[in-house]
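Here is a walk through one protein model. Keep the sequence and the structure side by side as you read.

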Amino acid sequence: MKGIVLAGGLGKRLYPLTRVSNKHLLPVYNKPMVYYPIQTLVDAGIKDIMVVTGGNHAGEFLRLLGNGREFGLKHIHYTYQEGEGGIAEALKLAEEFASGDKVTVILGDNIIEKSIRRFVEEFEKQPKGAKILIKKVDDPERFGVPEIRGNKILSIQEKPKKPKSGYAVTGIYMYDAQVFDIVARLKPSKRGELEITDVNNAYIDKGQLTYGILNGWWTDAGTFESLSRANILVAKKAKGNKY
């Protein structure tokens, strides 16, 4: 299993903080934001990791992370995304790195409390397809929302006005090698991007998508509100307090 951290984009929702820095280099409590998704992969037993970055400050990732010694890694791979073509486009850049292996993909602004090792191990045993992690939230309309029936997800809607469940699809996805063929067939959305929701719905159409419910808290850090929340949650965790 290989790991991919998607840390590109321009982070316009966090201007002016991101005018002179990549969003994923901003501090969350006592570490740069990108440290947390990398540590999530390492804690899940994944040691072969690529960081997909972009923008005017991509070189800072190499200066910050080096070869990953702080995480117990021997090497970190890097690649560059030009512009803002969407999550699926960023994932496409990692095809050569994946080299036919299964991958766990995590968005660079996603921060979680608990380990995902159990879900990764489940997916390693899954014959084919994809696995996503979902979490119950107060504001599902901000996210991709799954329609769930029993132990199956019937569909995922992106930022629906009337959510069909109270769950959000978190920025943690697990895919087999089919994902790159799926991405190659995608058409840009109205936003002009290749959407990860379309990738997940393609696996649903194949009957090959499973899901797990994430333990503990989860937050993104892509808005001022969620960045503030991430700082508070991580600080409480570091100090041993319960959320």
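Start at Val52: its bridge partner in strand S5 is Thr79. Strand S4 (residues 49-54) and strand S5 (residues 76-81) run parallel, joined by 6 bridges. Two strands pair if DSSP finds at least two bridges between them. From S4 the chain passes through helix H2 (residues 59-65) to S5, and this β-α-β crossover is right-handed. Right-handed means that, with the strands pointing away from the viewer, the path from the first strand over the helix to the second runs clockwise. Helices (H or I, at least four residues) and strands (E, at least two) are DSSP runs, numbered from the N terminus.

The model is predicted: local features need pLDDT of at least 70, side-chain atom pairs count only at pLDDT 80 or more, and totals for chains, interfaces and linings use all residues. Residues are numbered from 1 along each chain as its sequence is written, and side-chain values use heavy atoms, with hydrogens and water left out.

Now turn to Asn22. Asn22 lies in the loop between strand S1 (2-7) and strand S2 (27-28). Asn22 counts as buried because its relative accessibility is 5%; buried means under 20% relative accessible area, exposed over 50%, partly exposed in between (1.4 Å probe, protein chains only). A polar atom of the Asn22 side chain lies 2.7 Å from the backbone nitrogen of His24. The backbone oxygen of Ala7 is 3.4 Å from a polar atom of that side chain. Leaving aside residues up to four places away in sequence, Asn22 touches Ala7, Gly9, Thr53, Gly54, His57 and Phe61 (contact means heavy atoms within 4.5 Å).

Next, the aromatic rings. The whole structure holds 4 aromatic pairs. Rings of Phe, Tyr and Trp (its six-membered ring) pair if their centres lie within 6.5 Å; planes under 30 degrees apart count as stacked, over 60 as edge-to-face and the rest as tilted. Phe143 and Trp218 form a tilted pair, 5.3 Å centre to centre, with 55° between the planes. This pair links distant parts of the chain, 75 residues apart: Phe143 is in the loop between strand S8 (130-136) and strand S9 (144-149), Trp218 in strand S13 (residues 218-219). Both Phe143 and Trp218 are buried. Tyr173 and Tyr175 are stacked, at 6.1 Å and 10°. Tyr173, Tyr175 and Tyr203 form one aromatic cluster.

Finally, a charge over a ring. The charged end of Lys102 sits over the ring of Phe123, 4.6 Å from its centre. The test asks for NZ of Lys or CZ of Arg within 6 Å of the ring centre and within 35 degrees of the ring normal.

Definitions and conventions
Polar contact = N/O pair within 3.5 Å; in protein donor to acceptor, adjacent residues only side chain to side chain.
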